[in-house]
Amino acid sequence: MALSGMRGLSVFISDIRNCHNKEQERLRVDKELGNIRTRFKNEKGLSPYEKKKYVWKMLYIYMLGYDVDFGHMETVSLISAPKYPEKQVGYIVTSCLLNENNDFLRMVINTVRNDIIGRNETYQCLALTMVGNIGGKEFSESLAPDVQKLLISSSCRPVVRKKAALCLLRLYRKNPDVVNIDGWSDRMAQLLDERDLGVLTSVMSLFVSLVSNNAEAYWNCLPKCVRILERMARNQDIPQEYTYYGIPSPWLQVKTMRALQYFPTIEDPGARRALFEVLQRILMGTDVVKNVNKNNASHAVLFEALALVMHLDAEKEMMSQCVALLGKFIAVREPNIRYLGLENMSRMLLVTDVQDIIKRHQAQIITSLKDPDISIRRRALDLLYGMCDVTNAKEIVEELLQYLNTAEFAMREELSLKAAILAEKFAPDLSWYVDVILQLIDKAGDFVSDDIWYRVVQFVTNNEDLQPYAAAKAREYLDKPALHETMVKVSAYLLGEYGHLLARRPGCSPKELFAIINDKLPTVSTSTVAIILSTYAKILMHSQTPDVGLQQQILTIFKKYESYIDVEIQQRAVEYFELSRKGAALADVLAEMPKFPERESALLKKAEDAEVDTAEQSAIKLRSQQQTSTALVVADHPPVNGSVPASNHLTLVKMPSQNITEENNVTHEETPVEIPKENGAPVEVVSKVESIPETNIESKVEPPISQPASQADLLADLLGPLAIEGPSAAVEQSPVQGLEASQSPVGDLALATLEDQSNAVQPTVNVEEKFHILCSKDSGVLYEDPHIQIGLKAEWRAHHGRLVLFLGNKNTAPLVSVQALILPPSHLKVELSSVPDTIPPRAQVQIPLEIVNLRASRDVAVLDFSYTFGTALVNVKLRLPVVLNKFLQPITLSPEEFFPQWKALNVQPLKVQEVVKGVKPLPLPEMASLFMGLHLAVAPGLDTNPNNLVACTTFFSETTRAMLCLVRVETDPQDRTQLRLTVASGDQYLTFELKEFIKEHLIDIPRVQAAPAPVPVQPQLPPAVPATYNDPGAMLAGLL
Amino acid sequence: MIRFILLQNRQGKTRLAKYYVPLEDSEKHKVEYEVHRLVVNRDPKFTNFVEFRTHKVIYRRYAGLFFSMCVDITDNELAYLECIHLFVEILDHFFSNVCELDLVFNFHKVYLILDEFILAGELQETSKRAIIERMGELEKLE
């Protein structure tokens, strides 16, 4: 049967087939399109048969890949034709040619509706099919009730009802509001009793979608699903035509088990038992057979059953059965099964604690990393990534690096990203981490984003022990003949900073360092030139007196670049040239970079944020989000992929030190760029307009830091009494939460940790300082003493917060009588899950805390924590960093949005203005960055007066919900110690609290005289950074 | 859910393309080109699954024809793989021993069959008999 019913169409297809080349084909197509176009123009002469024929031809041409930009109207109008043949063509071709956004579709909504509610079953089917395939939101709103009616009608034939079920699914996906949950759960339960398996298959797809959005509403359907599975598993009364190679509809089985994965648990013991029986039967009874199709079908069912077992938290025995099966699968030759084995192992890691068992298969998994099939390699890579922890990180990362040598282009980016993340997360020591990243840059520099090397610089800067090592490594790489530019950047930076530490080694004198870096200068891009110039300045500084020749060489280069095309370079060259003539003062100006503040790794965040696009939410993801609701003892780190990303925080914490030069501070922006990843999930790669190290150099060059600092001290002393008078009670009640408070010698420690801390055991960290650090970031150490370390990790979502306390026993003996109590202030609802009485030796316990912010307040929750070690009872009271800014989310408003709001709030208690005196004198950019740190988005340009600053943010609490807050600061350039602060929001209470909160951060606190150190003091940084602070693998690793 | 179904020959000529998600024409052409390139050179000993952008293509080769379905990464791969085979069996039954030429000259019939088999990106009917009978009914109406 090679000929269609339409001769003209067949002839045309034959003509196309007989074309010898593309050109001929195009000519033939163009001729035909011309013909159709003229025929459509004088439509009168067209018979229905001809119209039908032309429209099919159009579809054929379209399918060949040619643009068909006319005739849509004629096609769509066929839908309204009175006879079946034309109507059919109209419907089918329309749903191929147009998509849901096409305006022509709107014109036929009425016709389609008439067909759906009409009596003609064939028309109903055509209409349902088209709407099911390309129906958009508008169809959803106008047709959903009619489609629902057809689905539940007892007079419709199955052929209509199954189409109605899927058509409704489409409409529901376009607009979930069209299915009213209340009425539908009962109807759904009835529909699941359907005897016709075609209808049931369609209904089950609809059900999966409904239940994935709201499992709660469909509890009554759960037993029905179990019954369907039972019926199929026992092959009871399944018509022959619904078995596939002897297996009762594998698709319906899979769908049903998928639906069950959306119910959090199955409580009814009867249903649970029945279900486990079915699952057990599937797990045990699936054999490998010769017939490929039968094998695939039975394994489709088996893998779905595995997923369901994992979801249901089956008994240990059944779980280990699953792991054993997967272990078997990842070793088989059959590629599909091996692929699925690897994939399901990765999924299993997300839901259950099977890391140790899976580790036993590590060697096997690594073999798959070398499989010729990229699909398998990808799965192996994912699995290795998921199963990596401190114990196997070295081995796995080294495998990945080795693989990088041979990996094809398509995988290199993903590989290097994953290797970098693992190295950072689980590094057993920092020199290894540096090694890994340098190797990465060397082998796959194109795929190493700037984030990665910035991170190395941060770690090296913060770890003195690491500096000579890193510098020596960088020096080694420079000897290589071909070098990636990123390597030039990182090497130049490291050698500029720490090259002098190598001075006594061969080949590392300033002169030699300069020579080898200078070799690269002619071939690098502008951004690298900038770094190299800074490096030269540093080399110059370190070799001040002895080497006149070197000095001359460097100065010549500075001179040369003074007329460089790039302004940034010009400026650097000019400034460095001038500075270099300052003699001894140069050493102060170009001193070593200060330590970086701890910041969230952009990489890790990126990894957490990777998004997936699926029709229904992934059941596994839903489940992993529900997990860890009770305290549990874990011996390992939380799984890499298990944690839920905090959505409302920007990674980049602007540091005051970066913003000292006024003209520069505006350029610190992050521009997220979406780089499509070959395998799927888009990865957000953040590229900064200006690199972190560069800017720091910039700010170092400017000497004013020491000056304002000492000025500030002076003023602070003078204004001391004022400061107390100004903010009044606020300062005394709840200690100031800014970072700067940590420099106060007396500190407010006593206030928070209370007097009864006269324990024998003293904290080994500055608790006050830790608290302040955590006020501006979301993970870190809260408390530490010789026996225990308390870490904290927080996620904030609108007015909800989720805190996890990590209690790590540092001893080889258990800590007993562990107790934790939260004393929440009235504005917070805090729920603490149960705390185990004992922490085993060297173990870590996680205690999640759920927090709801009821309203704005500056009060702080206190954790009353105690334990006994040996005979010592230790009791501490720790403030929890649940402060106002955690519930703020910066928002950027345009002038058109801002001014109406600002005017609308012109009522006294909603908008409050105050002249604040005794303000710590800050340059405006620094104040802006202080605001950013508090989650107040500074909107440049909203206020035309350069001495003013306007900021916007959204505050979240249960009473206010999301509420816009607007802030304006007017400073007096003559007197920086006073300013006028205006705060406005829709809630007077919030306005007051926010105003006080900001005030607290603006008021200066008397601080100790800064020692006249050569290193300029960073006014807002905690001076000493404890060792754990620098640990790369999210510092929680240190808790073990 | 199935995002789209493609039927392409080894040269990359599209014999059937059905999209269940709204794509612009240019995007469709790109997708067809990319999917063809993705599957055509894969070794027959490889898996039938390839990652494609944020989704996954499940494909199977019958003589010179590639049947590809793009599905969500969380979907059950083997179920869709057999779904392809069931579709081929239906075509085979309908055309009694189907070959590429049948699909070329009767492409409009193939669309009709597909609409009875898959709707809204989900499986609608898995009984071969039901679909063949339904096609018989429809042919009588023409």
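Trainee: What do β3(B) and β4(B) form, and which residue in the turn has a positive phi?

Mentor: They form a hairpin with two residues between the strands, and B:Arg53 in that turn has a positive phi of about 50 degrees. Keep in mind that this is a predicted model, where local features need pLDDT of at least 70, side-chain atom pairs count only at pLDDT 80 or more, and totals for chains, interfaces and linings use all residues. Residues are numbered from 1 along each chain as its sequence is written, while chains are lettered from A and ligands numbered from 1 in the order in which they are written.

Trainee: How do you know that β3(B) and β4(B) pair?

Mentor: Two strands pair if DSSP finds at least two bridges between them. β3(B) and β4(B) have four bridges in the antiparallel sense, so they count as paired. For one example, B:Glu51 has B:Lys56 in β4(B) as its bridge partner.

Trainee: What joins strand β1 of chain B to β2(B)?

Mentor: Five bridges join β1(B), residues 2-9, to β2(B), and the two run antiparallel. Within that pairing, B:Gln8 has B:Thr14 in β2(B) as its bridge partner.

Trainee: In what order do the five strands of chain B lie, and which are the edge strands?

Mentor: The open sheet has the order β2-β1-β5-β4-β3 in chain B, with antiparallel pairing. β2 and β3 of chain B are called edge strands, as each pairs on one side only. From one strand to the next, the twist averages 20 degrees.

Trainee: What lies across β3, β4 and β5 of chain B?

Mentor: α2(B) does, running at about 35 degrees to β4(B).

Trainee: Which element of chain B gives the largest share of the side that touches chain A?

Mentor: Start with the whole contact: 67 residues from chain A and 56 residues from chain B take part, a contact being two residues whose C-beta atoms, placed from the backbone, lie within 7 Å. Of the side of chain B that touches chain A, α2(B) supplies the largest share, eight residues. By class, that side has 26 nonpolar, 14 polar and 16 charged residues.

Trainee: Why are α24(A) and α26(A) called roughly parallel?

Mentor: Helix α24 (residues 430-444) and helix α26 (residues 466-478) of chain A pack at an angle of about 20 degrees, with their axes 10 Å apart. Angles under 35 degrees count as roughly parallel, so α24(A) is roughly parallel to α26(A). Their crossing is right-handed, meaning that the near helix is turned clockwise from the far one by less than a right angle.

Trainee: Which residues of α24(A) meet α26(A)?

Mentor: A:Leu430, A:Ser431, A:Val434, A:Asp435, A:Leu438 and A:Asp442 in α24(A) meet residues of α26(A), including A:Leu466, A:Tyr469 and A:Lys473. The contact divides into seven nonpolar, one polar and three charged residues.

Trainee: What makes α7(A) and α9(A) roughly parallel?

Mentor: The axes of helix α7 (residues 109-117) and helix α9 (residues 137-152) of chain A come within 10 Å and cross at roughly 15 degrees. That angle falls in the roughly parallel class, so α7(A) is roughly parallel to α9(A). This crossing is right-handed.

Trainee: Why do β9 and β13 of chain A stand at the edges?

Mentor: Three strands of chain A form an open sheet in the order β9-β12-β13, with antiparallel pairing. β9 (816-823) and β13 (872-879) each have a single partner strand, so one side of each is left without a neighbour in the sheet. The twist here averages 10 degrees from one strand to the next.

Trainee: How many bridges join β9(A) to strand β12 of chain A?

Mentor: Six bridges, with the strands running antiparallel. A:Ala820 has A:Phe865 in β12(A) as its bridge partner.

Trainee: Where in chain A does pLDDT stay under 50?

Mentor: pLDDT, the predictor's confidence in each residue from 0 to 100, stays under 50 over residues 628-758 of chain A and over residues 1006-1040 of chain A. Chain A as a whole averages a pLDDT of 80, and 82% of its residues score at least 70.

Conventions:
Nonpolar A, V, L, I, M, F, W, Y, C, P; charged D, E, K, R; others polar. Axes fitted to C-alpha atoms, helices over the stretch in contact; angles between N-to-C directions. Parallel < 35°, antiparallel > 145°, perpendicular 65-115°, else oblique.
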